[in-house]
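Okay, everyone, thanks for coming.

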Amino acid sequence: MAYKIDDSTCISCGACASECPVGAISQGDAAYVIDENSCISCGACAGVCPVGAPAEA
Ligand code: SF4
Ligand code: SF4
């Protein structure tokens, strides 16, 4: 299982990308996106996101 960012909620602040220990998060066109093949489901992105956009998918 990997985490997924709700692109309608994400405000592209970039906080999650700085926290991810495996560099799985990058900026996409509409929102930040998680590479599901790299994500180790640590939950750090969800913990730091100000709007609660990342969730376990
Ligand atoms: Fe990165 Fe952890 Fe979020 Fe997965 S759950 S994208 S490994 S911070
Ligand atoms: Fe989007 Fe939340 Fe990541 Fe900020 S921390 S870029 S709002 S998912």
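Before we get going, one term: a cavity here is a set of grid points, worked out over the protein atoms alone, where a 1.4 Å probe fits but cannot get out. And please keep in mind that what you're looking at is a predicted model.

So, which ligand takes up the space of the largest cavity? That's ligand 1. There are 13 residues around ligand 1, and the ones that come nearest are Cys20, Cys39, Cys42, Gly43 and Cys45. If you sort that shell by class, you get 11 nonpolar residues, two polar ones and no charged ones.

The space ligand 2 takes is the second largest cavity. Here 14 residues surround the ligand, with Cys10, Cys13, Gly14, Cys16 and Cys49 the closest. How does the shell around ligand 2 divide by class, nonpolar, polar and charged? It's 12 nonpolar, two polar and, again, no charged residues.

You'll find Cys49 in the loop between α2 and β4, and β4 covers 54-56. Buried or exposed, then, for Cys49? Buried means under 20% relative accessible area, and Cys49 is at 17%, so Cys49 counts as buried. In sequence Cys49 and Asp6 are 43 residues apart, while their C-alpha atoms are 11 Å apart in space.

On to the nonpolar core. The largest one has 15 residues, and those with the most contacts inside it are Ile5, Cys10, Cys16, Ile25, Tyr32, Ile34 and Cys45. Two elements give two or more residues to this core, namely β1, which is 3-5, and β3, which is 32-34.

What does Tyr32 touch once we leave aside its neighbours within four places in sequence? Quite a list: Ile5, Cys10, Ser12, Gly14, Cys16, Ala17, Ile25, Ser26 and Gln27 are all in contact with Tyr32.

Ser12 sits in the loop between β1 and α1, and its phi is near 55 degrees, a positive value in a residue other than glycine. With a relative accessibility of 27%, Ser12 counts as partly exposed.

Then there's Ser41, over in the loop between β3 and α2, where α2 is 44-48. Phi of Ser41 is also near 55 degrees, again positive in a residue that isn't glycine. At 22% relative accessibility, Ser41 counts as partly exposed.

Asp35 is in the loop between β3 and α2 too. Asp35 has 34% relative accessibility, so it counts as partly exposed. Along the chain Asp35 and Tyr3 are 32 residues apart, and their C-alpha atoms are separated by 8.8 Å.

Thr9 lies in the loop between β1 and α1, with α1 running 15-19, and is partly exposed at a relative accessible area of 28%. From Thr9 to Glu19 you go 10 residues in sequence and 18 Å in space, C-alpha to C-alpha.

Which residues are in contact with Thr9, leaving aside the neighbours within four places in sequence? Those are Val51 and Ala53.

Ala53 lies in the loop between α2 and β4. And why does Ala53 count as buried? Because its relative accessibility is 4%, and the cut-off for buried is under 20%. Skipping neighbours within four places in sequence, Ala53 is in contact with Lys4, Ile5, Asp6, Thr9 and Cys10. Ala53 and Ala17, for comparison, are 36 residues apart in sequence and 13 Å apart C-alpha to C-alpha.

Conventions:
Residues are numbered from 1 along each chain as its sequence is written. Chains are lettered from A and ligands numbered from 1 in the order in which they are written. This is a predicted model: local features need pLDDT of at least 70, side-chain atom pairs count only at pLDDT 80 or more; totals for chains, interfaces and linings use all residues. Side-chain values use heavy atoms; hydrogens and water are left out. A residue is near a molecule or strand if one of its heavy atoms lies within 4 Å of it. On a 1 Å grid over the protein atoms alone, a cavity is a set of points where a 1.4 Å probe fits but cannot get out, and a pocket is an open set with protein on both sides within 12 Å along at least five of seven lines; lining residues have an atom within 4 Å of a point. A molecule sits in a cavity or pocket if more than half of its atoms lie within 2 Å of its grid points. Ala, Val, Leu, Ile, Met, Phe, Trp, Tyr, Cys and Pro count as nonpolar, Asp, Glu, Lys and Arg as charged, and the others, Gly among them, as polar. A nonpolar core is a set of buried Ala, Val, Leu, Ile, Met, Phe, Trp, Tyr and Cys residues joined through side-chain atoms within 4.5 Å. Buried means under 20% relative accessible area, exposed over 50%, partly exposed in between (1.4 Å probe, protein chains only). Helices (H or I, at least four residues) and strands (E, at least two) are DSSP runs, numbered from the N terminus. Contact means heavy atoms within 4.5 Å.
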